[in-house]
Amino acid sequence: MENMEEQIKNVIHKLRPYLQRDGGDIEYVDFKDGIVYVRMLGACAGCTMIDETLKDGVEQILMEEVPGVLEVQNISSAL
């Protein structure tokens, strides 16, 4: 069975093409205490819709597919 970090990376890998289609991208950074830390790249980095993309998209999918994921944070907004 895959460990949680591998599961998270696999889900993010599946999501990347959808973000790339609009000129953006997502990069896995870390997983700690139920929180997945990502870096939003390209068009996503400066997009005003980034919070909705993370919370209503990426976070919901990760929480459904990887038990133990509680939240997703963009590291540029977590610093």
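At 10% relative accessibility, E59 counts as buried (buried means under 20% relative accessible area, exposed over 50%, and partly exposed in between, with a 1.4 Å probe and protein chains only). This residue lies in helix α2. Helices (H or I, at least four residues) and strands (E, at least two) are DSSP runs, numbered from the N terminus. Leaving aside neighbours within four places in sequence, E59 is in contact with L54, E71 and V72. Contact means heavy atoms within 4.5 Å.

The model is predicted: local features need pLDDT of at least 70, side-chain atom pairs count only at pLDDT 80 or more, and totals for chains, interfaces and linings use all residues. Residues are numbered from 1 along each chain as its sequence is written, and side-chain values use heavy atoms, with hydrogens and water left out.

The sheet is described next. It is open and holds 3 strands, in the order β1-β2-β3, with mixed pairing. Two strands pair if DSSP finds at least two bridges between them. In general, strands of a sheet pair through backbone hydrogen bonds, either parallel or antiparallel. The edge strands are β1 and β3, and each of them pairs on one side only. From one strand to the next, the twist averages 30°. Axes are lines fitted to C-alpha atoms, for helices over the stretch in contact, and angles run from 0 to 180 degrees between N-to-C directions.

Both kinds of pairing can be followed strand by strand. β1 and β2 are antiparallel and share 8 bridges. Here G24 stands opposite G42 in β2. The hairpin of β1 and β2 has 2 residues between the strands. In this hairpin, D33 takes a positive phi near 55°. β2 and β3 (residues 71-74) run parallel and are joined by 4 bridges. Y37 has Q73 as its bridge partner in β3. V38 has N74 as its bridge partner in that strand.

The helices come next. α1 lies across β1 and β2 and runs at about 165° to β1. α2 lies across β1, β2 and β3 and runs at about 145° to β3. Together, β2, α2 and β3 make a right-handed β-α-β unit. A crossover is right-handed if, with the strands pointing away from the viewer, the path from the first strand over the helix to the second runs clockwise.

Nonpolar side chains were then examined. A nonpolar core is a set of buried Ala, Val, Leu, Ile, Met, Phe, Trp, Tyr and Cys residues joined through side-chain atoms within 4.5 Å. The largest such core has 18 residues. Among its members, I8, I12, V36, V38, M40 and L62 touch the most others. Two or more core residues come from each of α1 (4-20), β1 (24-32), β2 (35-42) and α2 (50-65). The largest share, 5 residues, comes from α1. L62 shows how separate parts of the chain meet. Its contacts, leaving aside neighbours within four places in sequence, are I8, V11, I12, V36, V69 and V72.

Charged side chains were examined as well. The structure holds 5 salt bridges. A salt bridge is a side-chain nitrogen of Lys or Arg within 4 Å of a carboxyl oxygen of Asp or Glu. One of them joins the side chains of R16 and D25, at 2.6 Å from N to O. D25 is buried, with a relative accessible area of 13%.

E27 and R39 form another salt bridge, at 2.3 Å from N to O. This pair links distant parts of the chain. E27 is in strand β1 and R39 is in strand β2, 12 residues apart. Both partners are partly exposed, E27 with a relative accessible area of 32% and R39 with 34%.

E59 returns in a further salt bridge, with K55 as its partner. Their closest N and O atoms are 3.0 Å apart. The two residues are separated by about one helical turn, because they are 4 residues apart in helix α2. K55 counts as partly exposed, at 31% relative accessibility. Salt bridges that share partners join K55, E59 and E71 into one network.
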